Amino acid sequence: MVAFDEAFRRQLHELFVWRRDVRRFRRDPLPQGAIERLIETVCLSPSVGLSQPWRLVIVEDPSRRRAVIEDFKACNAEALRSYSGERASQYATLKLAGLEEAPGHLAIFADKSSQTGHGLGRMTMPETIEYSVVAAICSMWLAARAEGIGLGWVSILNPAHINEILDLPTSWKFIGYLCLGYPATEDDRPDLERAKWECRRAAEQFTTRR
């Protein structure tokens with residue numbers, strides 16, 4: 001078994017601390033092959049029944065990128081209308097996507113029709129297909145941060161519309177749209193905490209013993 005020493009564990013903890021959901025990017029291009037290398041990390045992630053259900057789409061076409069940005073703007077405007085008063089004013093000031101600045105765009109889907117893995121582990125909890133893809137994204141997030149690359153997960157999008165924009169099978173369930181690039185700033189606190197939208201709570205508040 002490979003052993004990891006205390007120094008490595010401290011560094012790994014720092015990686016978790018400094019991982020951020022990045023919204024503000026520099027426009028510098030990523031090195032050739034950087035996104036492909038991160039995708040290889042995705043493929044090392046665990047998946048239910050070894051189903052490997054992730055489907056990754058590198059979005060390079062300018063017209064498709066523009067369509068995604070327009071979809072975000074429409075969904076974000078609708079989300080704003082769901083708030084009122086001071087909370088609406090605060091929401092309007094938040095930067096919730098780096099779609100225009102980020103040099104890399106990556107859409108990630110779960111292929112719910114895949115027979116890989118022969119259904120193992122999915123009979124009582126079929127949603128583990130989607131969970132497997134989310135776990136893979138988290139692996140990519142940490143790998144990207146270790147290379148100094150920022151990752152921002154955009155969820156304010158219409159899933160069906162994204163499938164149409166990218167011309168993908170309807171059996172592929174949209175999980176997330178990722179912006180990738182070098183962050184304009186770095187901080188060990190989430191943006192939403194610094195903007196006073198929400199604060200991070202201690203682990204004891206989420207832990208129950210039985």
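Let me begin with strand β3, residues 150-154, which is mostly covered, since five of its five residues are buried, buried meaning under 20% relative accessible area, exposed over 50%, and partly exposed in between, with a 1.4 Å probe and protein chains only. Please keep in mind that this is a predicted model, in which local features need pLDDT of at least 70 and side-chain atom pairs count only at pLDDT 80 or more, while totals for chains, interfaces and linings use all residues. Residues are numbered from 1 along each chain as its sequence is written, and side-chain values use heavy atoms, leaving out hydrogens and water.

In a regular strand the side chains alternate between the two faces of the sheet. In β3 both faces are covered, with G150, G152 and V154 buried on one side and L151 and W153 buried on the other. The strand runs antiparallel to β4, to which five bridges join it, pairing being called when DSSP finds at least two bridges between two strands; within that pair, G150 stands opposite G181.

Turning to helix α2, residues 34-42, the buried residues there are A34, I35, L38, I39 and V42. They lie on the same side of α2, because they cover an arc of only 140° around the axis, taken from the directions from the helix axis to the C-beta atoms. Helices (H or I, at least four residues) and strands (E, at least two) are DSSP runs, numbered from the N terminus. Among the elements covering these buried residues is β4, the strand that also pairs with β3.

Finally, L12, in helix α1, is partly exposed, with a relative accessible area of 34%.

Key: Contact = heavy atoms within 4.5 Å.
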